[in-house]
Structure formats: C-alpha cells, structure tokens
Amino acid sequence: MDKILGIVNLESSGVHVEGIEDYRPVSAASFLGRYRVLDFMISNMTNSKINNIQVYIKNRPRSTIDHINGTNYNINTKKGHIQILHGEKSFSSEVYNTDIANFWANREFIENADTPYVVIAPSHFVYVQDFNVLLQSHVESGADITIMYQSVFNAKEAFNNCDTLELGDDKCVKAIEKNRGKYKNRDISLECYCMSRTLLLDLIDKARKTSSLYWLSDIISDNVDELKIQAYQHKGYAACINSLKAYYDANIELSDYYTLKSLINDDWPIFTKTNDTCPTLYKEGAKITGSLVGNGCIIEGEVINSVIGRDCVIKKGAVIKDSVILPSSLINRGAKIENAVIDRYAIVSHIKELRGDKDKPLYVKRRDRI
Amino acid sequence: MKKQKMVAMILAGGRGTRLFDLTKKVAKPAVHFGGKYRIIDFPLSNCANSNISTVGVLVQYESVLLNSYIARDHVWGLDIAGGGVYCLPPREKDTTGFGEYRGTADAITQNLDFLDQEEAEYVLILSGDHIYKMNYDKMLQAHMDSHADATIAVLEVPLKEASRFGIMNCDESDQIVEFEEKPKEPKSNLASMGIYIFNYKTLRKYLKEDEKNSASSHDFGKDIIPTYLKDGLKLQAYRFKGYWKDVGTISSLWEANMDLLSDKDALDLSDPSWKIYTGDNNVIPQVIGPDAEIDTAYITQGCAVNGLVKHSVLFTGSKVDNKAEVYDSVIMNNAVIGEGAKVTRCVVMDNEKVPAGMVLGDKNSKDILLVTKAVINAKKAEEQVNG
C-alpha cells in the first residue's frame with residue numbers, strides 16, 4: 001500500500017512576485033529555460049514513488065492546468081493520479097483563499113485517500129528531497145508533525161516572510177515565527193509538513209473553527225505546545241521563490257552546471273511537459289557563456305550569465321547580461337539588456353538599454369513591445 | 001459517407017549496413033538524428049500531422065529498442081481511439097511456419113490480415129529511414145483526384161545524380177509510363193522517394209499473386225511496380241518539393257545533420273505548424289559554461305558545453321569539456337569530448353567518451369570518421385606506441 005498522499009500546496013500568503021504573478025502564480029512560471037517552478041515539487045513526489053498527488057491551485061490557473069498531466073510526471077496514471085483541486089468558494093478572494101479553505105473545500109478527497117500519511121509542500125520552493133526519508137525520520141521520532149527546514153546564512157536578504165523555527169533539544173520545534181529579515185542565520189521552514197492524514201483532517205477542522213483567515217502554518221504554530229513537532233533538516237540547494245528577486249536569483253544561481261547537477265541527475269530527474277520544440281540554433285557570430293538555454297531558440301547575439309527560455313530569438317548585436325528571458329521573446333538588433341526579467345512574448349527593439357539592478361531586477365511585461 | 005481510411009505501413013526492418021556500428025545494436029530507423037530525434041520520428045510525425053491514425057511499423061532487424069520506442073504512441077499523438085502504432089514483426093501463423101520478411105512487398109503480404117482487420121481503403125507505404133516533412137493527406141487527395149491505382153511520390157533530382165535512384169519516366173500529365181531502377185542513362189530526373197499510395201483491394205490481389213511467384217524478390221520497386229505497369233494499371237507520380245534525404249551512409253547522415261546549420265535549412269524543424277515529435281527525455285536545459293565558445297551550432301537539451309564548438313550538431317546529453325574543440329562534427333547522445341580533446345569531421349557514437357587530449361579526424365579528409373570504441377582504443381594504442 002502507498003504510504004504517502006502528496007499535497008502540492010498553494011504558495012503562502014507572503015509570496016509576491018512583481019509582474020510575473022499578474023499572469024499566473026509564480027509556481028507556473030517558466031523556470032531555468034525549460035521547466036515550471038512547480039515541476040520540482042511534483043517531481044520530488046513522483047521520484048519518491050508517491051502515486052497519489054493533489055495540486056492546489058488558485059486564481060489565474062490556466063498555465064498550471066495546461067501544464068499538469070500525470071504522464072508528464074512519470075506517474076502510473078491508472079494506479080495513482082494527479083488531481084488538480086481548488087477552493088470553489090474562496091477562489092476569487094485573495095484574503096480568504098487560504099490553504100485551509102482549499103483543503104476544507106476538498107476535505108472528502110483527503111479523507112478518501114488510502115494512505116496513512118500525508119506530505120504537504122508548497123509549489124514555490126525549489127529543492128530536491130526524497131519524501132520517504134522525511135517520512136522515515138518522522139516515524140522514528142514519534143512526532144505528530146515533522147517540519148522540514150533549511151539552515152540559512154542569508155535570512156536578511158532571502159526567505160523574507162517565511163516561517164522560521166525556534167528549535168529546542170533534539171530538534172524539537174518550540175516556536176514558529178516570521179522571518180522579518182533581522183538576522184542572518186536562521187532555520188527557515190520549507191513549509192513542508194509530514195503528518196498522519198487523520199491529524200491533517202483534525203487541523204483543518206480546528207483551523208476552520210478558529211478563523212477563516214487561518215493558514216495551515218497558523219494552526220500548527222498555535223499547537224506547538226500541544227503537539228510534538230519535530231524538525232527535519234534539508235541539506236543542499238533550496239530556494240523560496242517569493243519575490244521577483246528570488247525568482248531572478250534562483251534562475252541565475254542554477255545556471256551554473258555544478259549547482260544544477262547537484263539538483264538534477266539521472267537518479268532524480270525533474271519532469272516537465274514537452275513542447276516538442278526543436279534544438280537551439282547558434283548562428284555564426286553568436287557569443288554565449290555561462291548560460292542556460294531552452295530549446296527552439298535562434299541565437300545570433302551575445303548572451304552572458306543568463307537564462308534564455310524556449311523559442312527565444314536573440315538577434316545580432318543584441319547583448320543580454322545577467323538576465324532571465326522567458327519563452328518566445330524576441331530581442332532585436334542592438335538591444336542591451338542587463339539584470340532584467342523579460343516575460344513571455346515580449347519584443348525588445350528600438351532601444352539602447354534596459355538595465356536593472358542585481359538587487360532589484362527590471363521587469364518587462366508579457367507581450368510588451370519596447 | 002464513410003471516411004475512406006488510409007493505413008500507413010512503415011518499412012523499418014532494414015539494418016542499414018552502411019551505417020556500420022551505428023546500427024550494430026539498433027535498426028536504422030532508430031538511429032538518432034538532428035540533436036533530439038530518431039529517424040523514425042519523421043514518418044511517424046508526418047503521419048500524425050497528416051491525420052493518419054493507424055500506423056503499422058514493419059520491424060525485423062534488432063527491433064527490441066525500436067519496438068519499445070514506437071509502442072509509446074502518445075509521443076506522436078497517435079494514441080487515439082480506433083488508431084495507434086502497431087509494431088509488426090514477422091510472426092508464426094496458423095498456416096505457415098515462422099518466417100522472415102523476404103522483401104518490402106513480402107512484409108506487407110505477411111500483414112494483409114492486419115490491413116483487412118483495419119478495413120483499409122488505401123495503403124500508404126513509407127520508409128522508416130528518410131528525413132523529410134510531407135503532408136500525406138494532400139498526396140491522398142491527389143491520388144483520389146487522379147483515379148490512379150497507385151501514386152508514387154517523386155522528387156526532382158539533378159540529372160547527373162539520377163542514376164543513383166529509381167527513376168520514373170512520365171507523360172505530360174505525370175502518369176508514369178516507365179520505371180527504371182538506377183538507369184545508366186536516365187531519361188528523366190524524377191526519382192522515386194519510396195512513398196506509395198495503393199488502392200488496397202488491387203494491391204491485395206497483386207501481393208497475393210507475388211507471394212506465389214518464386215522468381216519474385218518480393219520488392220515494391222523491383223516487382224510490384226513493374227507488374228502494375230506491365231498490366232496497364234494507372235500509376236501516377238506525385239511531385240514533392242522540399243527537403244528529403246536518405247541517410248544511408250555515415251557521410252549522408254553527417255551531411256543531413258550539417259544541413260540543419262545552413263541558412264538555407266530547407267527542413268526547418270522549427271515550423272510550429274509541422275512539428276516533429278520525439279520521445280522527450282527528462283534532461284536538464286542546455287548548459288553553456290563560462291569558458292564556452294560556440295559558433296554555428298545546433299544544440300539540444302541535456303548538453304553541457306564548456307569548450308569550443310564550431311559548425312557542429314550536439315545530441316541530447318552530450319558534453320564538450322573545458323578546452324575541448326569540436327569542428328564540423330556530430331556528437332551523438334551522451335557522448336563526451338574530454339578536456340582538451342579535438343574532433344574534426346567526425347560522427348561520435350552515442351555514449352562514447354573521447355579521452356582528454358585525444359585528437360580525432362582531419363579537416364582535409366574527404367571521409368567522415370565514425371568514432372566508435374574501437375577507433376578510440378586504436379588511437380590510444382597508437383599514442384602509447386608513439387610515447
């Protein structure tokens with residue numbers, strides 16, 4: 001029997017990715033030139049042999065719905081399935097559309113799942129983790145809930161508004177607080193929870209009774225004294241894509257071959273939907289270094305330390321540096337782009353320079369013509 | 001009105017001996033091409049794009065990999081109700097013992113029961129080892145309009161090369177009057193592409209007769225088409241314009257890959273209205289390292305380049321390490337060009353690793369070097385002798 005029901009959760013309330021989120025949740029945004037952000041979490045689940053996966057979606061769901069399909073993620077779609085779920089009543093209200101409201105609306109599907117345990121992980125985190133190892137640690141510690149966390153040294157700049165864990169002896173969670181960027185070293189919650197399915201149902205009911213604004217993390221935080229909450233340390237690369245800068249940074253960081261290979265390898269592939277795009281053509285005079293490139297591009301210009309999405313055209317004389325170009329964009333002759341995020345189908349021409357800042361990358365809207 | 005059904009039959013049993021080690025363990029249609037494809041993706045994608053839903057693939061030589069590959073018919077969108085990709089190896093039957101396909105026509109004859117069962121009105125015969133994009137639906141329309149018994153797709157080739165092909169001599173309405181296999185003095189430049197549409201009922205009768213003829217080599221070009229002509233049946237030529245390549249040799253396979261780099265790339269794999277589908281791999285996006293130098297290259301996902309790549313095609317998962325140099329070459333799936341190694345005018349076979357510093361191929365050589373394990377080992381031995 002399968003042990004784990006996998007729940008790919010909504011992005012938490014603190015996620016604000018300027019520009020990108022006007023068109024789709026960041027978890028459905030193009031990532032590393034080939035993926036969507038949520039491919040990482042779904043692949044973590046299918047690679048952990050979780051056959052029953054629920055993906056919760058909120059407003060602007062077109063990209064997510066179009067992208068998700070069991071066969072794309074190497075799941076036995078007869079024995080298991082990927083379910084896309086949403087909260088009908090709370091869907092259009094940002095404030096009331098908490099994860100709890102979504103779970104409540106779909107309570108029967110959680111109740112009917114045939115697994116003793118559940119792993120809940122939000123779609124906007126990027127890391128790799130075998131959830132069976134998490135479950136094993138959870139079972140061995142005898143905890144009610146196990147929260148996965150990452151010890152970070154950059155909590156001032158990154159992981160803003162994420163939960164931080166205050167840990168006692170034996171990695172027991174004593175308190176959960178928000179990261180307000182005051183300290184460098186913090187144990188950041190990856191908002192990934194392992195617990196029994198019945199406890200999740202209890203917590204959903206409890207949270208509903210407490211407040212319709214409550215998130216799962218709120219009700220867990222309320223119960224740190226009553227429940228035995230254990231922390232499990234994740235090691236290796238982890239990013240929380242909760243702002244435009246975080247999105248930009250993760251793209252650029254992972255364009256390094258060794259960082260990328262530390263996440264993705266033959267034993268731990270990241271699955272995604274194929275677009276049947278042909279390979280990329282680098283034409284005479286192209287100059288490209290330190291970059292990740294999707295298929296289907298035509299590159300004649302210069303690209304330095306950047307991520308170029310599928311089907312982009314970079315014309316001769318264009319220079320792209322430290323930037324993230326989303327799929328199907330056209331960068332014309334002579335355009336100079338630095339520290340920017342260019343959204344899909346944008347056309348940049350007749351302009352000398354588009355320059356953002358590493359700490360505040362410039363965003364160019366979807367289908368914008370500059 | 002009942003839709004007149006055309007079933008495609010892809011001949012994919014050939015070994016392709018002139019591809020040497022590339023087809024030692026896989027059939028020619030399964031050989032990789034163009035970065036991310038296999039050759040058989042072309043006829044299969046053409047079928048899918050031409051709204052043909054039932055495709056039989058006649059396999060014989062080293063078919064294990066090919067069988068499992070084509071079994072994933074959803075890759076080409078061919079997993080629809082009433083259709084699908086059928087893998088058709090020779091089989092033992094109630095009335096005959098276990099045989100083999102004795103020729104292209106015999107392969108179809110042995111599967112007449114399949115075509116009966118599919119209620120085919122028309123049969124489209126294709127070759128599993130040609131690279132081209134073609135709308136078979138348009139060809140069927142032309143076939144129906146001309147009321148021919150069979151239609152053969154033809155390509156205009158330069159007259160001086162015509163003696164390498166099966167040549168169709170036609171009248172002014174493109175009705176075929178004569179067929180000559182590799183004529184010394186060609187009378188026309190219309191070469192057969194090995195693509196035929198037959199009215200099934202007539203074909204069935206002729207195949208049954210051919211089966212009993214012990215003098216026949218059971219081949220479409222050598223036996224069936226000449227018999228059709230002799231009996232005065234109407235054979236129509238269908239002129240195809242566009243890129244078409246039979247990649248039968250290492251140099252033609254190399255050349256077809258190099259064509260993708262040309263500004264005049266007539267194949268145009270980037271056309272969104274006629275995509276070529278393939279069994280996609282879950283590999284990383286292509287990584288271009290900090291020391292990479294790339295000038296005129298066709299590179300696909302899963303590749304990692306940190307050396308120099310000039311005028312070359314890199315296939316899925318291949319790697320060009322630091323200071324390595326690749327010129328005018330085809331680097332096949334998961335092959336690695338080690339640090340400081342240099343390959344020129346080579347086809348490096350899948351999964352081979354060119355060791356650091358090794359130099360292979362020559363820019364002045366007329367031939368293309370197929371880099372196999374044996375070639376690498378021989379070079380290693382040579383280097384040891386030379387100290």
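**Ground rules.** I number residues from 1 along each chain as its sequence is written, with chains lettered from A and ligands numbered from 1 in the order in which they are written. Since the model is predicted, local features need pLDDT of at least 70 and side-chain atom pairs count only at pLDDT 80 or more, while totals for chains, interfaces and linings use all residues; side-chain values use heavy atoms, with hydrogens and water left out.

**Helix pair, chain B.** I looked up H6(B) (residues 200-212) and H7(B) (residues 220-230): they pack at about 120°, axes 11 Å apart. Helices here are DSSP runs of H or I with at least four residues, and strands are E runs of at least two, numbered from the N terminus. Axes are lines fitted to C-alpha atoms, for helices over the stretch in contact, with angles from 0 to 180 degrees between N-to-C directions. That angle makes H6(B) oblique to H7(B); under 35 degrees is roughly parallel, over 145 roughly antiparallel, 65 to 115 roughly perpendicular, and the rest oblique.

Which residues in H6(B) meet H7(B)? I found Thr202(B), Leu203(B), Tyr206(B), Leu207(B) and Asp210(B), and on the H7(B) side Phe220(B), Asp223(B), Ile224(B), Thr227(B) and Tyr228(B). Contact means heavy atoms within 4.5 Å.

**Glu352(B).** I placed Glu352(B) in the loop between strand S23 (346-348) and strand S24 (353-354) of chain B. Buried or exposed? Glu352(B) counts as buried, at 9% relative accessibility (buried is under 20% relative accessible area, exposed over 50%, partly exposed in between; 1.4 Å probe, protein chains only). Leaving aside neighbours within four places in sequence, its contacts include Asn334(B), Val371(B) and Lys373(B).

- Arg107(A) pairs with Glu111(A), closest N and O atoms 2.7 Å apart. Both sit in helix H4 (residues 107-112) of chain A, four residues apart, so about one helical turn separates them.
- Asp249(A) and Lys245(A) meet at 2.5 Å, N to O. They also lie four residues apart, in helix H8 (residues 244-253) of chain A. Asp249(A) is partly exposed at 21%, and Lys245(A) is partly exposed at 23%.
- Arg91(B) and Asp113(B) meet at 2.9 Å, N to O. This pair links distant parts of the chain, 22 residues apart. I noted Arg91(B) as partly exposed at 29% and Asp113(B) as partly exposed at 36%.

Note on methods. A salt bridge is a side-chain nitrogen of Lys or Arg within 4 Å of a carboxyl oxygen of Asp or Glu.
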